[in-house]
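Hi,

Here is the structure I promised to pass on. Have a look at it first, and my notes on what turned up follow below.

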Amino acid sequence: MAGEPQSDCLFCKIVSGEIPATIVRESETTLAFRDINPQAPTHVLVIPKVHYPDGASLAAAEPQTAADVLTEAGAVAADEKIDSTGYRIILNTGSGAGQTVFHAHAHVLGGRGLQWPPG
């Protein structure tokens, strides 16, 4: 059920502490940790502590929590000192867009040039 922890979800297991992660920030509603396969010098994932399969479903059900994810993404950028040089926040939705863990999450990428389109 959406909003409830899922026993087969990697990110739910990170939230519960069952699987370790390098946590860089935590709030009442979010958790931020380093990506294990970084695509930039700074690559941090910001997730809601509640389970929704993607950002759109999170925003529809819990708009304040979706806003918290984005607020924390900005705070991560400031903490990582990439806020003045530029960074990207990405929310992939669906396997066709590259989503591999179906728990809403934002990627915070920075520390190198980020061209458009991504390549």
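**Pockets and a surface patch**

The second largest pocket has a volume of about 320 Å³. Keep in mind as you read that this is a predicted model. That pocket is lined by 14 residues, and those nearest its centre are Arg 88, Ile 90, Leu 109, Arg 112 and Pro 118. Two elements, β4 (87-90) and β5 (106-110), each give two or more residues to this lining. Sorted by class, the lining of the second largest pocket has seven polar, five nonpolar and two charged residues.

Now for the largest pocket, whose volume is about 400 Å³. Its lining takes in 21 residues, with Phe 11, Asp 35, Leu 45, Thr 100 and Val 101 nearest the centre. Here the elements that supply two or more lining residues are α1 (10-16), β2 (30-34) and β3 (42-48). The largest share, three residues, comes from α1. As for class, you'll find ten nonpolar, nine polar and two charged residues in the lining of the largest pocket.

Leu 70, Tyr 87, Ile 89 and Leu 91 make a nonpolar surface patch of about 320 Å². If you want to find Leu 70, go to helix α3, which covers residues 63-79.

Happy browsing!

Note on methods
Residues are numbered from 1 along each chain as its sequence is written. This is a predicted model: local features need pLDDT of at least 70, side-chain atom pairs count only at pLDDT 80 or more; totals for chains, interfaces and linings use all residues. Side-chain values use heavy atoms; hydrogens and water are left out. Patches are made of residues with over 30% relative accessible area and no salt bridge: like charges are joined within 9 Å, nonpolar side chains (Val, Leu, Ile, Met, Phe, Trp, Tyr) within 5 Å. Accessible areas come from the Shrake-Rupley method with a 1.4 Å probe; for residues, only the protein chains shown count as cover. A salt bridge is a side-chain nitrogen of Lys or Arg within 4 Å of a carboxyl oxygen of Asp or Glu. Helices (H or I, at least four residues) and strands (E, at least two) are DSSP runs, numbered from the N terminus. On a 1 Å grid over the protein atoms alone, a cavity is a set of points where a 1.4 Å probe fits but cannot get out, and a pocket is an open set with protein on both sides within 12 Å along at least five of seven lines; lining residues have an atom within 4 Å of a point. Grid points are joined across faces, edges and corners, and a volume is the space filled by probe spheres set on the points. Ala, Val, Leu, Ile, Met, Phe, Trp, Tyr, Cys and Pro count as nonpolar, Asp, Glu, Lys and Arg as charged, and the others, Gly among them, as polar.
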